[in-house]
Structure formats: C-alpha cells, structure tokens
Amino acid sequence: MLRVCSKAWSLSQPSIPHGAAATADSPAVLAAPAPADRGVGVRAAGLLAVSTVAQAEGVFFVEPKDGATVSNPVHVVFGIEGMTIARAGTMTEGTGHHHLLIDGAPMPKGEVIPATDKSLHFGKGQTETILTLPPGDHMLTLQFGNGAHRSYGAELSQTITVHVQ
Ligand SMILES: [Cu+2]
C-alpha cells in the first residue's frame, strides 16, 4: 500500500526520498498548485473583461486599422463612445474633441496637448482627417481632450501603428 502511494507521487517528485513521512507530505505538495492556478485564471479573465469594456467606451480609430498598410493620402476616421464631441472652449463635463498625435504616445491626464504639425487639434468637432505621411512605419495616437485642450489621459486614447507605402 505504501509502495503504491510512493509510485504515484514519485512521477512528478522524483527527488523526494521514499518513506512514510514523504508519502504523507506529498498529497499536499501536489494539490497546492491547482487552486493557485485557478486563482490566476480568474484574475486574468477579470482583467480581460475590464479592458474590453474600456475599449467599447473609449476612443478608437475607425480607420485605418492597427497594423494596416496604407498609402497617401491617408484617410483617418475617429470614433468615440461614452463622451460627446464639442467645440474647443466648451467646458461641459463629458465633452471634448479629438487630437491626433503623429508618432506620439498618449498624454497624461490634465496635461495641455500642444499644437504642432505632429499634434493636431480637431477643435471644430471634426471626426476625420486626411494626412500625408512619410513612407515607413508610423505610430498614430488618437487622444481625447477637453475644451481647454487638456488630455483625458490614456484611458481616452488609442495608439495604432500603420505602414505607409
Ligand atoms: Cu485641442
């Protein structure tokens, strides 16, 4: 009877010496990883659900799609869920306008988005634009900001990469 137990756990624990004490310990050793794995699985599923909801209620590129190969002129269409588009200067809560950062990353919440040839404001409430980009890979970040051009942060942004022919 002792030999049967010993064989069962020795398959995965070959270094544990044979004996009554080791056999008694082994079921606990073997059982421990299973609940831990399930815990990780539940946490991972929870995170996935949260990020899916965030994407559905956030800012996104309608086109081009992430990883797309495009040619000039590049037609870019902006999407937004859960916020209302308003002209620059409108300070009503839950409103703002789009900003397109060319080869730029999302901006921290509250920071004023600069106005440059690589940081474009759509303060009239536009939801699309046409760009001419140098050939090669480019990162495009759509950043939603309030009426005073302050960033709503990474949660109201999307960054994609496009390959310009
Ligand atoms: Cu702006």
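## Thr90 and its surroundings

Thr90 touches Thr95 and Gly147, residues up to four places away in sequence being left out; a contact here requires C-beta atoms, placed from the backbone, to lie within 7 Å. Thr90 is located in the loop between β4 (84-85) and β5. Helices (H or I, at least four residues) and strands (E, at least two) are DSSP runs, numbered from the N terminus. Between the C-alpha atoms of Thr90 and Asn146 the distance is 7.8 Å, although 56 residues separate the two in sequence.

Thr90 counts as partly exposed because it has 16 C-beta neighbours inside 10 Å. On this scale a residue is buried if 20 or more other C-beta atoms lie within 10 Å of its own, exposed if 12 or fewer, and partly exposed in between, with C-beta atoms placed from the backbone.

## Basis and confidence of the model

The structure is a predicted model, in which local features need pLDDT of at least 70 and side-chain atom pairs count only at pLDDT 80 or more, while totals for chains, interfaces and linings use all residues. Residue numbers start from 1 along each chain as its sequence is written.

The chain has a mean pLDDT of 79, and 65% of its residues reach 70 or more; pLDDT is the predictor's confidence in each residue, from 0 to 100. Over residues 1-55 the pLDDT is below 50, and this stretch has 15 contacts in the model beyond near neighbours in sequence.

## Overall composition

The chain comprises three helices and nine strands. Read from the N terminus, the order of the elements is α-α-α-β-β-β-β-β-β-β-β-β.

Of the 165 residues in the chain, 16% are buried. Among contacts with a separation of 6 or more, 64% are between residues 24 or more positions apart.

## Strand pairing

Strands of a sheet pair through backbone hydrogen bonds, either parallel or antiparallel. Two strands are taken as paired if DSSP finds at least two bridges between them. Four bridges connect β1 and β3 in the antiparallel sense, and Phe61 has Phe78 in β3 as its bridge partner.

Strand β9 has pairings with β2 and β8. With β2 it runs parallel, joined by two bridges, and Thr69 stands opposite His163 in β9. With β8 the pairing is antiparallel and extends over eight bridges; here the bridge partner of Asp137 is again His163 in β9.

## Nonpolar core

In soluble globular proteins, nonpolar side chains tend to be buried together. The largest nonpolar core of this model has 12 residues: Val59, Phe61, Val76, Phe78, Leu100, Leu101, Leu140, Leu142, Phe144, Tyr152, Leu156 and Val162. Such a core is a set of buried Ala, Val, Leu, Ile, Met, Phe, Trp, Tyr and Cys residues joined through C-beta atoms within 7 Å. Two or more residues are given to this core by each of β1 (59-63), β3 (74-80), β5 (95-102) and β8 (136-145). The largest share, three residues, comes from β8.

Leu140 is one of the core residues. Leu140 touches Leu100, Ile102, Ile160 and Val162, not counting residues up to four places away in sequence.

## Backbone features in the loops

The bond from Glu63 to Pro64 is cis, with omega near 0°, and Pro64 lies in the loop between β1 and β2 (69-70). The bond from Asn72 to Pro73 is likewise cis, with omega near -5°; Pro73 belongs to the loop between β2 and β3.

Positive phi values occur at Asp103, near 60°, and at His149, about 65°, neither of which is a glycine. Asp103 lies in the loop between β5 and β6 (119-121), and it counts as partly exposed because it has 13 C-beta neighbours inside 10 Å. His149 lies in the loop between β8 and β9 (157-164); with 19 C-beta neighbours inside 10 Å, His149 also counts as partly exposed.

Definitions and conventions
Two residues are in contact if their C-beta atoms, placed from the backbone, lie within 7 Å.
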